[in-house]
Amino acid sequence: LRLVADALPVLIAFVDTQCRYAFVNRAYEQWLGKPIDAITGQRLDVVLGLETWAHRRAFAERALSGEAVSFSTNWPTHTGERRECDIRYLPRRTAAGIVDGFHIFVADVTERTLALEAVQEQAAELEHKVAERTAELQAQVLARASTESALHQARKMESVGQLTGGIAHDFNNMLTGIISALDLIRMRVDAGRVDG
């Protein structure tokens with residue numbers, strides 16, 4: 001059992017009902033920077049520290065009550081570097097069904113977490129770029145609509161100008177006939193020919 005547990009890159013331990021480590025694998029030495037002998041027989045609060053124990057105590061109590069517990073947390077390395085972990089506390093029962101402690105399994109998921117955060121950042125950046133481009137396209141559509149409206153208005157004004165030009169030309173033609181008739185009448189009046 002020790003050979004198998006020590007070969008795995010995860011923390012494996014068994015904790016008794018007094019929250020004392022009864023077994024830990026070699027990965028604990030690397031994770032905590034302490035030899036196995038300094039961990040085995042010690043209480044969780046002593047090994048983990050009071051702040052970490054305050055966060056994990058409720059999970060341990062649930063495991064000791066018979067509930068399988070899993071959670072994720074940031075558990076910095078003993079040198080202070082970031083380390084994200086998935087932790088499982090699995091109760092162990094005697095033949096009589098009584099919980100006599102729980103197994104601890106801890107996997108380092110830092111790389112997976114960092115990759116997920118990188119993907120989320122890229123997705124947020126892409127979403128931002130899409131929003132910017134959408135705003136640009138909307139502005140272009142509005143500008144085009146405004147230009148088309150102005151062009152439509154200009155064409156209407158051109159049509160009105162052509163229509164009024166045609167009416168003015170026709171009116172001018174009518175006036176020319178009337179003015180010519182009035183000129184004839186004036187010439188007759190000046191010549192004294194008013195009788196018909």
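Over the ring of which residue does the charged end of Arg92 sit? In this predicted model, the charged end of Arg92 is placed over the ring of Phe14, 3.9 Å from its centre; a charge sits over a ring if NZ of Lys or CZ of Arg is within 6 Å of the ring centre and within 35 degrees of the ring normal. The model is a prediction in which local features need pLDDT of at least 70 and side-chain atom pairs count only at pLDDT 80 or more, whereas totals for chains, interfaces and linings use all residues. Residues are numbered from 1 along each chain as its sequence is written, and side-chain values use heavy atoms, with hydrogens and water left out.

Tyr21 is buried at 2% relative accessibility, and Tyr28 is buried at 1% (buried, under 20% relative accessible area; exposed, over 50%; partly exposed, in between; 1.4 Å probe, protein chains only). Phe71 and Tyr89 also form an edge-to-face pair, with 5.5 Å from centre to centre and 85 degrees between the planes. Since Phe71 belongs to strand β3 and Tyr89 to strand β4, this pair ties together parts that are 18 residues apart in sequence (helices, H or I, of at least four residues and strands, E, of at least two are DSSP runs numbered from the N terminus). Phe71 is buried at 9% relative accessibility, as is Tyr89 at 2%. Phe59, Phe71, Tyr89 and Phe102 form one aromatic cluster.

Phe59 is one of the buried residues of helix α5, along with Trp53, Arg56, Ala60 and Ala63. These buried residues pack against α4 (44-48), β3, β4 and β5 (99-108), contact being heavy atoms within 4.5 Å. Helix α5 (residues 50-64) has a kink of about 45 degrees centred on Arg56, the bend being the angle between axes fitted to the seven residues ending at a residue and the seven starting there. Gly66, which follows α5, has a positive phi near 105 degrees.

His78 is located in the loop between β3 (69-74) and β4 (84-93) and is exposed, at 51% relative accessibility. Beyond neighbours within four places in sequence, His78 contacts Gln30, Trp31, Leu32, Gly33 and Arg83. The C-alpha atoms of His78 and Leu32 are 5.6 Å apart, although the two residues are 46 residues apart in sequence. The charged end of Arg83 sits over the ring of Trp31, 3.9 Å from its centre.

Terms used: Rings of Phe, Tyr and Trp (its six-membered ring) pair if their centres lie within 6.5 Å; planes under 30 degrees apart count as stacked, over 60 as edge-to-face and the rest as tilted.
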